[in-house]
Amino acid sequence: MTKPSLPELLHAAVTAVGGTERPGQAAMADAVATAVDDHSHLLVQAGTGTGKSLGYLVPALAHGERVVVATATLALQRQLVERDLPRTVDALHPLLRRRPQFAMLKGRSNYLCLHRLHEGVPQEEEEGLFDQFEAAAPSSKLGQDLLRMRDWADETETGDRDDLTPGVSDRAWAQISVSSRECLGASKCAYGAECFAEQARERAKLADVVVTNHALLAIDAIEGAPVLPQHEVLIVDEAHELVSRVTGVATGELTPGQVGRAVRRAAKLVNEKAADALQSASEGFERVMELALPGRLEELPEDLGYALTALRDAARTVISALGSTRDKSVQDEDAVRKQALAAVETIHGVAERITQGSEYDVVWYERHDRFGASVRVAPLAVSGLLREKLFTDRSVVLTSATLKLGGDFNGVGASLGLAPEGTAGDGIPQWKGLDVGSPFDYPRQGILYVARHLATPGREGSRTDMLDELAELVEAAGGRTLGLFSSMRAAQAAAEELRGRLERPILLQGEETLGELIKNFAASPETCLFGTLSLWQGVDVPGASCQLVVMDRIPFPRPDDPLMSARQKAVEEAGGNGFMAVAATHAALLMAQGAGRLVRATGDKGVVAVLDPRLANARYGSYLRASLPDFWYTTDRNQARRSLAAIDAAAKGDEK
């Protein structure tokens, strides 16, 4: 029997999922197959509606070697495992004469821990363990969630938090889960043979396709101890998120509360001298943090340096002592010791990293209204780490609807540690960029309107002219508006102002769960939804409910953002353009994602309105506009209002 061709396989898969074959999808599948066969790397931009999941799954499954697919969002992971992969495998089975296996793998804390469920949580203030089910009042939300999770534990086959519906708070989940550092290990745990996390790992070892998330991919790269099984092909979907997710995993933080908890956990397990030293160091750190002012620490202040050195040394002593002291009164000592060790090791690691003062790290103070002050440390860049850990020994495909910024892939490539496309040399990963376009006719379906006449937004102060413009646009659109704001304060101010002016429902992020807000927004065409960062990327509302997407201003990073400003300064010191490499790239990615909320289906029509004249007037405006979908462009406010009114009238006619 002859080997089936890629077009045959793609046709079978698309038919199985009830989709439509598209030229962009076929071009993507062909490029992925070539990259995998050549052991090279590919960055592929595939617009909304291309069907990019099948564009990479079909050639990867056809190749036959193990593939890891890493995504940023839970929604896409579920779509892959529950819909795309089962149907694709069924469709390809007769043609490939084999049935590829697939599995989902996440970090250990995403799975129910049977030891913690049955034995309880190691208690900080008292000896032994405490039964969280007894401690939480059954009438409280926490108590009800815990009882529900105990019942769920008897039914679930995966122990995966995301399979628990409805979900529970982080606080409730923490009662029945452990981090990898707190885990006793399957060989030492009474429940090791039944462990959900271990079962997930075993399934992943046997699978041809392993679906995971960016965070676990980052942990696998950074920590050296492999978490993912060996694989020949890595596909990173939603790849525009990768750098921020890797940065998040590589960021360390210390707070007085966290240090205090570690002291309480360790106190009963070590000798008095070691416990007192850690307690004293904790108090010294707390005193320093009371005076901490938010901002970057280009040089370590003397008082913080002393406090962190004391913490580091005391933590090291406790770690050594934990291995030798035994307190006979402590029940389930292994679990108590493991949790204490994990907490103290984290403190030691972060304190040592900050006191070492690497030129490749950025250190800053942060203040949170609820949690108080913290000191944080993050890598100045993750590009070197990604180049070294991601692009060796395997073929890597990175895909997203937004990878091409300002007309090429080099900006995103640089953030991933890649030299400009086409650069040759020893040890330089070879890659190609491909834009397969979109099935949507953007110039006919959408308008990009820039409010050129408005005043340039300042850092502070109300933008009365912007709010007037927003109200006029929303009224012309008949509601149907997704408002994307650069800060929560701006979103709240706009919601408050328009609720007073317009007779339309205005939903505001934070007043209800995100899922509920999006559902209510989609259900009622007259409704508007205002919010900040997660709405720029997390809203998929095709149809007439979303016909106006408004951005209040270009979403540059805050000038006082310690990490972004440090990265910008580093580029400038190396002779580059820090503003374009960091701030403009950040804004371009977000704006491309935000503008992508407008057209989600072939029948969608509408306007993306940017209420920031810099997009039209500033020198960098053309770079940002080149990063957006190819909408028809205007700065004429009357044209924008007339178009919105016409689109609204057509939608009302269809709704009758």
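**Group meeting: a walk through the model**

Hi everyone, let's begin with Arg-480, which counts as buried at 1% relative accessibility. By buried I mean under 20% relative accessible area, with exposed being over 50% and partly exposed in between, using a 1.4 Å probe and protein chains only. Arg-480 also has a positive phi of about 50 degrees, although it is not a glycine. You will find Arg-480 in the loop between helix 19 (464–477) and strand 15 (481–484).

A word on the ground rules. This is a predicted model, where local features need pLDDT of at least 70 and side-chain atom pairs count only at pLDDT 80 or more, while totals for chains, interfaces and linings use all residues. Residues are numbered from 1 along each chain as its sequence is written, and side-chain values use heavy atoms, with hydrogens and water left out. Helices (H or I, at least four residues) and strands (E, at least two) are DSSP runs, numbered from the N terminus.

Back to the backbone. Most residues other than glycine have a negative phi, and most peptide bonds are trans. His-39, which is not a glycine, has a positive phi of about 55 degrees. Its place is in the loop between helix 2 (23–38) and strand 1 (41–45). Is His-39 buried or exposed? It is exposed, with a relative accessible area of 55%. For the peptide bonds, please look at Thr-165 and Pro-166, which are joined by a cis bond with omega at about -10 degrees. Pro-166 sits in the loop between helix 7 (141–155) and helix 8 (170–174).

Now to the sheets. Which order do the strands take in the seven-stranded open sheet? The order is 3-6-2-7-12-1-13, and the pairing is parallel. Strands count as paired here if DSSP finds at least two bridges between them. At the edges are strand 3 (102–104) and strand 13 (431–435), each pairing on one side only. From one strand to the next, the twist averages 15 degrees. For angles in general, axes are lines fitted to C-alpha atoms, for helices over the stretch in contact, and angles run from 0 to 180 degrees between N-to-C directions.

Within that sheet, strand 7 (residues 233–236) and strand 12 (residues 395–400) pair in the parallel sense over four bridges, and Val-233 stands opposite Ser-395 in strand 12. Helix 10 (residues 214–222) packs on the sheet and touches strand 2 (67–71), strand 6 (209–213) and strand 7, where contact means heavy atoms within 4.5 Å. The direction of helix 10 makes about 95 degrees with that of strand 6.

Please turn to strand 19 (residues 606–610). Five of its five residues are buried, so strand 19 is largely enclosed by the rest of the structure. Both faces are covered: Gly-606, Val-608 and Val-610 lie on one side, with Val-607 and Ala-609 on the other. Five bridges join strand 19 to strand 14 (residues 446–450), and the two run parallel; Gly-446 stands opposite Gly-606. Strand 18 also pairs with strand 19 in the parallel sense, over four bridges, and here Val-550 stands opposite Ala-609.

On to a helix pair. Two packed helices are described by the angle between their axes and the distance between the axes. Helix 11 (residues 242–249) and helix 16 (residues 383–390) pack at an angle of about 100 degrees, with axes 11 Å apart. They are therefore roughly perpendicular to each other; angles under 35 degrees count as roughly parallel, over 145 as roughly antiparallel, 65 to 115 as roughly perpendicular and the rest as oblique. Leu-242, Val-243 and Val-246 in helix 11 meet Leu-385, Leu-386 and Leu-390 in helix 16.

Finally, the rings. How many aromatic pairs does a search of the whole structure find? The search finds seven. Rings of Phe, Tyr and Trp (its six-membered ring) pair if their centres lie within 6.5 Å; planes under 30 degrees apart count as stacked, over 60 as edge-to-face and the rest as tilted. Tyr-442 and Phe-631 have ring centres 5.4 Å apart and planes at 90 degrees, so this pair is edge-to-face. The two are 189 residues apart and link distant parts of the chain, and both Tyr-442 and Phe-631 are buried. Together with Phe-440, they form one aromatic cluster.
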